[in-house]
Amino acid sequence: MIRLYLKQAWELLKQNKLFSMLYITGTGLAIAMTMVVFVAHYIKVAPIYPETNRAQTWVLKSVSVQYLKTKGNSNWQSSYKLVRDWWYAMQETETVSAVYQPWGIEDFIQPDNMGADIKVEVKYTDPAFFQIFQFKFLDEKPFSQADFDSGIMNAVIGESLARRLFGTTDVVGKTFNLNYTDCRVAGVVKDASFLTSSSFAQLYLPYTSVTGYDNVNGGNDDLLGSYIVYFKVKDDAQGMALKAEVDELVRKYNASQEEKKLVLLGPDIFWKSAYRHGNAPLDWWELIRQWGGLVLIFLLVPALNLCGMISTRMEKRLPEMGICKAFGANRGRLLRQVLTENLILTCLGGLLGLCLAWIVLIAGRNWVFTLFERYGDSVPEGVDTIVSFDMLFSPWVFMVGFAVCLLLNMLSALWPAWKALRKNIVYSLNQKK
Amino acid sequence: MWKLIINNLWSRRKRNGWLLAELILVSVVTWVIMDPVVVLLHDTSLPLGYDADRLYLIEMASLDSHAQGYDEQASDSASRTDNFFRLMNKIRNYPGVESASPLLVASYLNSQGNSSRGFQVDSLSLFTRVMYFNPGQHYFETYGIKAIPGSPSAEELSKADYGEHDIVVTRNFAESLLPGKQAIGQQVFYVDYTGDTIYYRIAGVVENIRAYSGERASLVTFWPHFRWNIGEQTRVLVRLKPGISSGHFMNEFRPWMVKELRAGNLFARSVISYPQLIKNYEYQWGTSNKIRLNAAVVIFFLINLCLGVIGTFWLQTRKRSEEAGIMRSFGATPGYIMRMLLGEGFVLCTLAFVMGCLGYLQYALKEGLYGINSFMSRIADDDWISSFETHFLGVSLIVYIIILVVVLIGIYLPARNISRVNPVDALRDE
């Protein structure tokens, strides 16, 4: 039966070239827009190199301190004291890593040829970072715990920066000047994409190599500082246990304090933390309204378009439907037939849309993704945003693409087809001149 | 002709109903999306109030204590200041440089950081942006900020002998806080966090400026900064002489800067042109992204609308051709038929647009139209964007024109075929 539908749909497609073209283009555009939005979000949360452990990674970004007397509060991230005394000592986790992100510090490499300084993105972290984020080492290994403990400037370098500086990736043991300080290459990794922002950097160094990494920042509260903390857990159960352990620590701490209260918004599982801005709680309704609304409108407008076209076509096909009915076909069967025929067109449109989306995402990789951020975080100079195979060709992308096609098909074809099929046989047959 | 158009539309109301629904939806959606684009484009195109052309910003930095070449002797405040002046002299003597001014606080035009202060006169209180300048360093003329008539000139304001509580203000500040008064010499005050009232004397008034791109001309006060805190937040503003090309200057200046602009632990790190700095600022604060994203979405909807109109009219070509054939045989010209078909589009579009706009108006009356969410922008500007009525009508007109053009293009393509039909061919089946 399905084969018959397919055959008939193919014939109709060939007969009504204009209708098919308009239909496929309209659907293609809608699917392309929807898929661009989907892929941008997919990249934020899915397991993508080197953040393949996202499902087991919990993140603590925001830390707040409320001052009970003055009713004021300060918001930032974890201080070194919290990292050292609390987070590194957590029990319900496999690995803990901290990334030091001091505000306003920029890093520059001084090239040997006395050219202008090269601005580089550096992540100041610890050796555990490379256990949580699964980097592929092209040469050697991460800086060691001994390097970290003594604050030696032994760096892990991204392959593209290695090529830019030395013309090769075979650079372990070589040195270069970072902020006028000697830096030795300890290992070379396959580049992380700018889109996987938790792991992206061109250079990774022990945070202990930064002067003042253990300072209480600017005389502020000793709980607040510049560290983002990543916890790798075994499974969701351990994640929940970790959260409970953190909550218990905070509860005990607050019970011992009279003047202030520590408030943590987290740790969150990775995908939740990707949508949390600053210290504000996640507003799901706002997210759903924003993105769901956008996708719905992306589909609704073309659906109305297609509704109009399908209803015109159904009028033309009424005599054919009348004949089918006269030979005993019931309404449900004819409806299935019309929907299947349309689904084929929709899927062709979907394929076109998917290709369009890929073209847009690849050609506009340096700016398309930043469109969906509240504040533009521009791609650093000299960095080409990597859009990898696993970002674009994941089974999820195809599944969602097909689901969107189905939805669009139902939205656009169901109502006009149902209306047309309600006409009785005599009326339908009378439409034939 | 209008009667015929309405009759035609009515007799095909079922088919046109879908198109009408789409048009209404697209009208509302285009309104919602175009409003921020119109406002942002309007605001970013307003005059800056200073001259950003031929203006450059040099970022300075100093060596870290464990960096190679770090000079312990040159690390004290006096040596740093001496070295900084040495570099300033080098910059001022560089060929093509008209003037240069240090910026020692991270609150300058389109800076990443910012500073603000609420000022009062009597019971009137307003927030202002605060900019800092070092007197005697050509600040105002380097920026190209103009003094208003009756105030000391920009050059005089740059080198005046300021007291600790003297400030220079913009025209809108003077007009808002001291309406109808000669502002120079007047006092304004603010109450600090301890509750003390601190008075400031207005030493000069300059023309309005847009301190941050994306904002309209906010109230700005310029505060003299007397300290020479040379460190990470040290920048130098440079204005080139007229006629020097930007590309040529950057090509020559950059390598010279890397080689020559270093003294003690201090060195020049980068140089950026002001238009580029403003662009970066707009990007960072989401202005560019909002315009790009909204423009992309509007184009998507308009293409859809165009496809919808083409589809609806093209799929009716055969039937409409028969009608057109009859009309032609009764003497109608192709031009008349074309006008009639375009007229159908016009009526449909206008009807949908009015319905969509009325719907959106209800929302806008409740929620307000798009405005910049800055507490600095409370001052009522007298441009059309600031008034609800003209803002609504202006954006409505833009949306209407866009949709109408798209609909007419969509109809024109099939209408050309219909209107040129040969009466004999069209009526063969009749």
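The legends below describe close-up views of a predicted model.

View 1. Strand β7(A) covers residues 122-125. Val122(A) and Tyr124(A) point one way from this strand, while Lys123(A) and Thr125(A) point the other way. These four residues, Val122(A), Lys123(A), Tyr124(A) and Thr125(A), are all buried. Strand β12(A), residues 203-206, pairs with β7(A) in the parallel sense, over four bridges. In β12(A), Leu205(A) stands opposite Tyr124(A).

View 2. Arg239(B) is part of strand β9 of chain B, which spans residues 235-240. Arg239(B) counts as buried because its relative accessibility is 3%, under the 20% cut-off. A polar atom of the Arg239(B) side chain lies 2.9 Å from the backbone oxygen of Asp53(B). The side chain of Arg239(B) also reaches the backbone oxygen of Thr142(B), at 2.7 Å. Leaving out residues up to four places away in sequence, Arg239(B) touches several others, including Asp51(B), Arg54(B), Leu55(B), Glu98(B), Glu141(B) and Tyr143(B).

**View 3. The largest nonpolar core.** This core holds 112 residues. Those touching the most other members are Phe372(A), Leu23(B), Trp31(B), Phe301(B), Leu305(B), Ile403(B) and Val407(B). Helix α2 of chain A, residues 17-45, gives the most to this core, with 16 residues. Another core, of 48 residues, lies apart from the largest one; among its members are Val65(A), Val96(A), Leu178(A) and Val229(A).

**View 4. Contacts of Val407(B).** Val407(B) is one of the residues that touch the most other members of the largest nonpolar core. Not counting residues up to four places away in sequence, Val407(B) touches Leu23(B), Leu305(B), Val309(B), Gly345(B) and Cys349(B).

Conventions. Residues are numbered from 1 along each chain as its sequence is written. Chains are lettered from A and ligands numbered from 1 in the order in which they are written. This is a predicted model: local features need pLDDT of at least 70, side-chain atom pairs count only at pLDDT 80 or more; totals for chains, interfaces and linings use all residues. Side-chain values use heavy atoms; hydrogens and water are left out. Buried means under 20% relative accessible area, exposed over 50%, partly exposed in between (1.4 Å probe, protein chains only). Helices (H or I, at least four residues) and strands (E, at least two) are DSSP runs, numbered from the N terminus. Two strands pair if DSSP finds at least two bridges between them. A polar contact is a pair of N or O atoms within 3.5 Å; within protein, one must be able to donate a hydrogen and the other to accept it, and residues adjacent in sequence count only if both atoms are side-chain atoms. Contact means heavy atoms within 4.5 Å. A nonpolar core is a set of buried Ala, Val, Leu, Ile, Met, Phe, Trp, Tyr and Cys residues joined through side-chain atoms within 4.5 Å.
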